[in-house]
Amino acid sequence: MAPLRAPVRLDRPRLLSALASPAPLVALLGPDGAGASTLLRQFAEGRRDVTWAGDGRIPDEVSRTLIIDDGDSLSPGAWERLRQLRATRPDLIVRLAVRSARAVPLAWDVEWVRDLAFTLDETIAYVAARGSHLDPRAVQAATGGLPAAVVAVVEANVTDPAAVQLVLARLAPHPLPATSAALAVPEFLTPRLAAQLGGGDDVIERAERTGHGEWRTDDGTLIFALTAPIRAATLAAAPIAAEDQRAIRHRAARALLQEGAGLGAVVEGAAADALDIVDAALRRDGLKLLWGNGARIAAALRPIPLLQLRRWPVIALAQALILNARREHRVRAAELLGVALLGVQTGQSEPADRALLRIIESVARRLTGVGDRGVRAARLAAQTLDELPPDDLEQLRGLRGDLHAHAAISLLYGGDDRAAGDQFEQALATATRPSVELLAYGGLALIQASAGELPAAQSWVEQTLARPWPDDILDEYQGSLLRIAESRLALERGDAAAAEAAVATIWPIIDTIEHWPALGAARAWADISAGRPVEGLERLRSLRSRRGRRMSASSPAARMLDATESMLALAAADLASARRLASRPSDRAEVVLAAARVAVFDRQHERALKLLNAVMTRTPRQRTEAAALEAILLHRLGRVDEARALAGRAGALARTYGLRTPFLILPAAEHDLFQGDVDDLPAPVTIAGVAPQLTTRESIVARHLVDTANMEEIAARLHVSINTVKSQRRSLYRKLGASSREEAIAAALAYGLLAGADPTRAMIAVDDSAASAARTKRTP
């Protein structure tokens with residue numbers, strides 16, 4: 001062992017801010033080694049009005065702040081003295097540290113500060129500050145995050161498990177008695193389990209009072225965790241054979257599963273190689289275990305060989321979902337998703353398992369981009385859940401909300417918003433905890449906001465925010481869909497700052513959540529609305545470069561990003577980049593409308609009309625956008641009355657649903673067409689395209705195309721063969737981005753390339769053809 005430098009100080013603002021609460025009495029609750037004394041010293045730094053109390057006594061004279069480092073030693077008389085002080089000194093604030101909540105009389109109103117252990121991020125920060133090569137996750141798993149244990153292991157600079165246990169054992173000079181050694185084998189205990197392992201009725205109470213451990217909550221079940229040093233010291237003093245330890249942990253896993261402690265069952269079951277118990281815990285309590293315990297569960301499951309997990313697809317999926325949240329673990333996550341998918345396809349299942357296995361398949365396909373990205377599996381899962389009898393549904397009681405929510409997400413990113421909405425509603429109806437409810441609320445709000453059903457979307461948002469939510473989920477994965485919906489609603493109000501603020505709360509996790517395409521698109525539209533399209537374009541391209549590698553270019557999410565990037569390019573006056581968006585038969589209406597908007601700016605009227613004629617508009621947003629673009633085209637064709645009528649229709653839709661963004665990017669020349677119909681009409685966008693460089697022959701052919709479409713006539717005028725003219729025409733169309741004579745003439749006019757040609761005749765040539773296209777039958 002090679003000692004490093006002296007320990008470094010680690011600031012812990014989350015705990016120091018809790019101590020700075022205005023509450024008169026704040027108590028730090030934690031076992032020996034939790035760092036309560038250090039926190040009290042840091043709190044006292046810089047304060048001149050501090051009195052320290054010790055030895056279980058309260059001084060006769062105290063300052064405004066009284067700090068008691070050993071609250072467990074206070075006698076009833078000392079508590080009475082403290083009561084008298086507070087009665088005469090209403091401004092007195094008291095901060096104390098205790099090992100047991102029982103040390104504070106029940107009559108006292110106390111604000112508790114729990115969870116003093118290092119979080120994984122804090123352990124990572126400490127290891128980095130020490131310049132250590134140790135793996136922070138291994139240190140966290142070995143120490144449980146107990147600050148004194150983390151410091152000792154990092155100072156000793158050891159990696160061998162036996163050496164780590166020796167370092168930990170030295171921190172606890174008073175281990176449990178040999179008769180209670182079995183209690184030091186599992187990480188988690190309950191009173192019933194402690195009794196089964198030979199502990200007395202008061203063994204856990206005594207352990208808490210002496211600072212040997214602390215109570216925690218595991219999905220509503222109270223569990224007790226001995227500190228890592230106490231466990232190490234006890235087993236060092238009274239060794240237990242490895243096989244006997246495995247049997248004890250197997251027994252503990254089954255007992256914890258029966259008592260409803262899912263985390264304990266997973267950790268102890270994995271240590272005992274009892275994967276049937278791990279599988280049962282995850283099936284019963286499921287994905288809800290992962291949100292707050294991901295790092296601990298990942299550490300427990302990591303030693304399980306991949307090949308063994310083929311029999312346990314639920315376990316493989318759980319580990320994959322945890323690892324997929326961190327960029328550096330995504331290769332391993334992809335392997336685990338593949339194992340889960342293979343296990344689903346090759347394993348046998350009971351009726352109650354089918355929906356769960358289908359969701360596993362859906363999530364695995366969605367996150368890996370395989371096949372249809374989980375849409376078919378999500379539909380089958382939803383159907384299976386609908387058909388299950390009550391007894392089978394009861395087996396999934398803790399998971400139904402999760403299953404419906406993940407089916408909804410797969411359907412949402414598969415482009416089936418209606419089915420996704422149905423599943424989010426089912427998730428809301430069957431959710432058993434806040435995180436799933438929040439996810440479902442956010443999904444419903446986002447679907448309505450994306451469709452342009454803004455009153456309904458606003459109602460969902462208000463209904464959601466009327467409830468109190470834990471801080472650790474509102475601005476994390478579970479609340480991300482709600483924040484994106486809030487951003488979309490703010491954009492429609494014309495409040496770019498609020499739109500950006502909504503996405504800013506979850507932008508720090510964009511590299512870890514699967515909702516990054518929707519979040520990136522929301523940020524892009526906020527940039528457009530705020531007048532920063534160039535910055536937004538670079539941000540979106542950077543995001544797609546680092547996160548879109550596993551995304552199929554033909555997926556609905558990728559195509560929506562293509563459309564968003566094209567709109568950013570239009571707003572940035574980069575017509576050349578905007579033109580890259582080419583409509584495909586499988587595209588959603590939003591993508592087709594974006595392509596039509598580019599064609600309108602590019603004055604490719606025939607192409608724009610074809611796209612608008614082909615698109616099936618269903619939602620208020622789609623109908624508004626289509627009406628606005630068609631109004632612009634009819635206005636250019638000189639059909640003023642029809643254009644005004646369509647502009648009025650677009651305005652009526654906008655007023656009814658509160659829409660503004662369909663008018664955010666409009667050609668400057670047609671901006672006035674919507675004045676009076678659209679409230680708070682955004683400023684126009686002017687596109688100054690870069691004119692292509694034509695050869696002399698191509699310029700001549702372009703001017704002759706104004707007069708005639710007959711290739712033989714043009715060839716005769718130029719005294720060249722018809723094949724030469726056709727070749728020059730193909731080159732001309734390619735440079736102009738045109739697919740017809742009319743589009744070529746319109747583009748050449750827009751770029752000012754028809755010098756010497758009669759502009760009136762050129763416009764007549766374009767308008768005659770465009771008017772003909774407009775009269776073709778449109779899809780209703």
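In which loop is the place of Asp55? In this predicted model, Asp55 is found in the loop that runs between β2 (50–53) and β3 (65–68), and, although not a glycine, Asp55 has a positive phi of about 60°. Asp55 counts as exposed, because its relative accessibility is 63% and the cut-off for that class is over 50%. A positive phi near 60° in a residue other than glycine is also found at Arg373, which lies in the loop between α18 (351–368) and α19 (375–387). Arg373, at 21% relative accessibility, counts as partly exposed.

The second largest pocket has a volume of about 790 Å³. Its lining comprises 31 residues, of which Gly415, Asp417, Arg588, Arg618 and Gln622 are the closest to the centre of the pocket. Two or more residues are contributed to this lining by each of the elements α22 (417–430), α23 (434–451), α30 (556–571) and α32 (589–601). By residue class, the lining of the second largest pocket is made up of 11 nonpolar, nine polar and 11 charged residues.

A helix pair was also examined. Helix α33 (residues 605–614) packs with helix α34 (residues 620–636) at an angle of about 145°, the two axes being 11 Å apart, and the crossing of α33 and α34 is left-handed. On the side of α33, the contact is formed by His605, Ala608, Leu609 and Leu612, which meet Ala626, Leu629, Glu630, Leu633 and Arg636 in α34. The residues of this contact between α33 and α34 comprise six nonpolar, one polar and two charged.

Conventions. Residues numbered from 1 in each chain as written. Predicted model: local features only at pLDDT ≥ 70, side-chain atom pairs only at ≥ 80, totals over all residues. Heavy atoms only, no water. Axes fitted to C-alpha atoms, helices over the stretch in contact; angles between N-to-C directions. Helix = DSSP H or I, 4+ residues; strand = E, 2+ residues; numbered from the N terminus. Left-handed = near helix turned anticlockwise from the far one by under 90°. Contact = heavy atoms within 4.5 Å. Nonpolar A, V, L, I, M, F, W, Y, C, P; charged D, E, K, R; others polar. 1 Å grid on protein atoms, 1.4 Å probe; cavity = no way out; pocket = protein on both sides within 12 Å on 5 of 7 lines; lining within 4 Å. Points joined across faces, edges and corners; volume = space filled by probe spheres on them. Buried < 20%, exposed > 50% of the residue type's maximum accessible area, 1.4 Å probe, protein only.
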